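Please look over the structure shown here before reading the points below.

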Amino acid sequence: MDLKKIFLKDACPTKMGGQAVLDGIMMRGEDRNAVVIRLPDGSMHIKTEKIKKPGKWTKLPLIRGVVAFISSLVMGTGVLMYSAEVLGNYEMEHGEVTEEPGRFEKWLTDKFGEKGAWNFMLYSSVVFAVAITILVFVLMPTWLMDLLGKVTDNAILLNLAEGVFRIFLFILYVAAISRMKDIRTTFQYHGAEHKCIHCFENGKELTPENCHEFYTLHPRCGTSFLMFVLVIALVLFSFLGWPNLALRIASRLLLIPVIAGLSYELLKWAGRSDNWLVKILSMPGLYLQKLTTREPDDGQLEVAIAAVKAVMVDKESPCIEGICDKEGKLTEADPEKPEDAGSDNGNKEEGDE
């Protein structure tokens with residue numbers, strides 16, 4: 001790993017960031033998000049939406065990290081669901097086999113309308129994902145480490161074992177899902193997102209050839225944020241001793257917002273600095289990115305470039321939805337979605353990719 005290719009000396013860090021979705025990329029700019037999805041016929045589907053400006057109190061240190069974490073979960077789940085919907089609609093329009101909506105989904109649509117059903121599925125998905133994450137990566141490790149309590153009563157050793165086990169569990173999970181074909185493709189789009197942002201921040205023309213010059217690793221990646229969370233949790237919990245299981249579970253849950261806030265501040269610092277301490281602190285997250293990114297092909301880089309260019313337009317430009325070209329410009333509008341239909345969604349705070 002050549003850190004000079006990650007912490008680029010002449011780069012100009014920006015607020016640009018995004019995430020990989022199903023067969024595509026979501027990119028976030030100054031005033032709007034863009035989701036670009038590669039359809040099976042090779043064309044690219046785009047949707048842009050204006051970003052709702054967060055209130056002043058949400059920009060306070062530590063608090064902004066919690067706000068960014070929650071909004072990222074909601075927006076990230078939303079764009080994943082949207083990419084699945086776009087690909088599903090393509091299959092239906094071209095007579096390919098696709099699943100019919102279930103009875104519960106039909107009931108939700110009839111009862112609350114399409115928008116209400118969408119919001120219910122979105123927020124219930126976020127709640128379910130958070131609940132499973134807390135159960136598996138927060139509560140289960142501290143519960144399992146009770147077994148070590150029969151061997152030693154050293155609080156430092158027990159907390160260290162819990163933290164290391166939590167990190168091991170997370171890495172094992174990422175390594176396992178990376179073997180799935182669809183996930184490998186998503187990780188390629190993740191790599192394309194990073195390469196494109198590197199290229200943009202270094203002032204080079206956005207072409208697949210130029211993007212290929214850069215690493216798939218980026219110091220401001222959300223994967224690094226997750227690693228910061230795991231490491232900070234290990235350190236912070238070590239100061240709490242080793243009380244009974246109920247108190248440990250309560251302390252872990254109560255400190256989640258604090259850990260998220262601290263991790264976000266550390267990520268922001270890592271994104272705009274390149275001193276030796278930042279590089280050392282960033283190493284675990286960068287190595288984890290080797291699992292969550294893959295080398296993209298030219299077509300995947302074209303999707304990333306279109307997404308970046310779509311958010312670099314004038315603030316007065318209307319939001320769009322439909323088929324786009326390689327410049328992120330609309331070539332065929334969605335007949336069911338009027339131009340400038342983008343709502344103020346996705347108030348993700350700056351700093352994360």
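1. R248 lies over the face of W242, 3.8 Å from the ring centre. R252 lies over the face of F237, at 4.3 Å from the ring centre. A charge sits over a ring if NZ of Lys or CZ of Arg is within 6 Å of the ring centre and within 35 degrees of the ring normal.

2. This is a predicted model, in which local features need pLDDT of at least 70 and side-chain atom pairs count only at pLDDT 80 or more, while totals for chains, interfaces and linings use all residues. Residues are numbered from 1 along each chain as its sequence is written, and side-chain values use heavy atoms, with hydrogens and water left out.

3. There are three aromatic pairs in the structure (rings of Phe, Tyr and Trp, the last by its six-membered ring, with centres within 6.5 Å; planes under 30 degrees apart are stacked, over 60 edge-to-face, the rest tilted). The pair of F69 and F225 is tilted, because the planes are at 35°, with ring centres 6.0 Å apart.

4. F225 is buried at 6% relative accessibility, whereas F69 is partly exposed at 31% (buried is under 20% relative accessible area, exposed over 50%, partly exposed in between, with a 1.4 Å probe and protein chains only).

5. Which residues do ring pairs link into a cluster? They are F137, F170 and Y173.

6. K195 has a relative accessibility of 1%, so K195 counts as buried. Its side chain reaches the backbone oxygen of H212 at 3.3 Å.

Key. A polar contact is a pair of N or O atoms within 3.5 Å; within protein, one must be able to donate a hydrogen and the other to accept it, and residues adjacent in sequence count only if both atoms are side-chain atoms.
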